[in-house]
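Hi there,

Here is the structure I promised to pass on. Please have a look at it first, and then read my notes below.

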Amino acid sequence: MSTVLNNFSNDTICAIATAMSDAGIGIIRVSGKDAVSICDKIYISANKEHTLIKHVPNSIRFGYICDDSKIIDEVMISYMKAPHSYTKEDVIEINSHGGMLVMNEILQLLLKNGCRLAEPGEFTKRAFLNGRIDLTKAEAIMDVIRAQNNFALESSRSQLQGKVYSKIKELREKILYQMAFIESALDDPENYDLTGFPEKLRGIIESVNSEISFLINTADEGKIRKDGIKTVIVGKPNAGKSSLLNTLTGDERAIVTDIAGTTRDIIEETVRLGDIVLHVIDTAGIRNTDDVIEKIGVDKAKSKVSEADLVLYILDSTSALDDEDKQIIDLCKDKKTIVLLNKNDLSDNIKITEDILRMQFSEIKTDKLPVISTSMLKGNGIQELKEAVADLFLNGDIVPKQELYITNLRHKALLKEAYDSLMLVIDSIDKKLSEDFYNVDLTNAYAALGEIIGEEVGDDLVEEIFSKFCMGK
Ligand code: GDP
């Protein structure tokens, strides 16, 4: 049951750790057993006396990076002696000027003098392999870097502080204790009595599984809060689609991303409804055509809707409902949909109300469909929209309630694996199978939980996880 990690390289690695753009300061990181001796070949202190070997660990010095006699840059250089460093190895960080060319020259010098270019995530991988952090903390580091909203940042922080790790460890210990007891009792029946044990074990497993299932249940909400909701806006011409998008975008500059890999590029715009993030897909269609449904055809509209987790269907409430509306509502019936009856500021001309809509489309289950009266002109109904999204996706809580959320799909899958294995133990107890049957499934559950924190992982998984990291981290 020990960790299987074979290809841990022992060489000294380097990488540019800061962004590749012109900036005041850039940091080049070096880690490994030869970090000090390699840097000594290219570093001269300001008074031309000190070498890094004489440098007091965990302090920072001013000096120069030189290629033979040529000064490459003025730098501040810090030395963190193993094991008191990010990787638990000797780590040198060179703070140079942040220009891309100068950072690259320093990097090339390090490579020439014996370093190897680090792979993405290799510094953190070393921190993990050297036992400084568990796998959940390593993953949290990347999540902190990539966090796009407050929730994502807070939940990655709490994971980085070890909250997921402690919880998983606690659950594993409970399982391990039972495994050990069964093993001992089977080895030494004279001193261990298993009478009544299956019932007791059943209770313990149920309680562990209710904790696991609680964690699994936080995952969907956690993912939505962290990653946002794929949303599509549909509606007839002039209903107010682009006005809705503009209202949601507000003063914040929209981030437009191209997602390749589909039949044509889809334009996605990220907007915030308070703390809830919506990724509105195909906004090009909204902005550039007058009639999304008609121009793209119902079939394409169907595929647009099927890509989304949420459909915002906006109607001009001053024009009467027609067959096309019916088609659109029909299209959305299996999706989480919110209907917006727009232009409520034109109160003298209202032709569609919530009651009319529900009555006319009673055969299409509109009873569960949230309907909100809005005015994009006046900004009416946005708070109600926020609440409706929270109702559909977040159990009605706009603000996160739990302290701990599972936001990583890998963790969720492994929790589910552990849960299923523990259910098999309960099954064996109910079938009155002998105790040695329990241990197979207890071991599987223990291993699945171990994989979350990295105590039962193979090389492949470690490679896969760290390859998603950025350079220099
Ligand atoms: P789209 O074709 O669905 O994208 O609709 P637009 O957002 O371009 O809006 C069509 C027209 O309706 C524009 O002239 C908007 O200014 C107007 N409009 C949009 N929302 C409202 C609203 O809530 N009230 C009023 N009175 N006019 C609106």
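What follows is a short tour of what I found.

First, the ground rules. This is a predicted model, so local features need pLDDT of at least 70 and side-chain atom pairs count only at pLDDT 80 or more, while totals for chains, interfaces and linings use all residues. Residues are numbered from 1 along each chain as its sequence is written.

**Overall**

The chain has 16 helices and 14 strands; these are DSSP runs (helices are H or I of at least four residues, strands are E of at least two), numbered from the N terminus. Of its 473 residues, 39% count as buried. Here a residue is buried if 20 or more other C-beta atoms lie within 10 Å of its own, exposed if 12 or fewer, and partly exposed in between, with C-beta atoms placed from the backbone. Two residues are in contact if those backbone-placed C-beta atoms lie within 7 Å. Among contacts between residues at least 6 apart in sequence, 69% join residues at least 24 apart.

**The cores**

In soluble globular proteins, nonpolar side chains tend to be buried together. A nonpolar core is a set of buried Ala, Val, Leu, Ile, Met, Phe, Trp, Tyr and Cys residues joined through C-beta atoms within 7 Å. The largest one has 69 residues, and those with the most contacts inside it are Cys14, Val30, Cys39, Ile92, Leu110 and Leu449. Helix H15 gives the most to this core, with eight residues. At least three of the core's residues come from each of domain 1 (13-134) and domain 2 (142-222 + 407-467), with bounds from an automatic or database domain assignment. A second, separate core of 42 residues includes Val311, Leu340, Ile372 and Val389.

Cysteine 39 touches Val30, Leu52 and Ile92, not counting residues up to four places away in sequence. Isoleucine 28 lies in strand E2 (residues 25-31) and counts as buried because it has 27 C-beta neighbours inside 10 Å. Leaving aside neighbours within four places in sequence, its contacts include Cys14, Ile94, Met103 and Leu110.

H4 (residues 135-146) has 12 residues and reaches 17 Å from first C-alpha to last, close to the 16 Å expected at 1.5 Å a residue; the expected span is 1.5 Å times one less than the number of residues. Its buried residues, among them Leu135, Ala138 and Ile141, pack against helices H3, H5, H6, H15 and H16.

H14 (residues 409-430) has 22 residues that should span 32 Å, and its end C-alpha atoms are 31 Å apart, which agrees. Its buried residues include His411, Leu415, Leu422 and Val425, and what covers them includes H6, H7 and H15. After H14 comes lysine 432, whose phi is positive, near 60 degrees.

**The ligand**

What surrounds the ligand? There are 17 residues, the closest being Gly240, Lys241, Ser242, Ser243 and Leu377; a residue is near if its backbone-placed C-beta atom lies within 6 Å. Helix H8 (residues 241-249) gives the most to this shell, with three residues. By class, the shell has six nonpolar, seven polar and four charged residues (Ala, Val, Leu, Ile, Met, Phe, Trp, Tyr, Cys and Pro count as nonpolar, Asp, Glu, Lys and Arg as charged, and the others, Gly among them, as polar).

**A buried loop residue**

Asparagine 344 is in the loop between strand E13 (336-342) and helix H12 (354-360). It is buried, with 20 other C-beta atoms within 10 Å.

Best wishes
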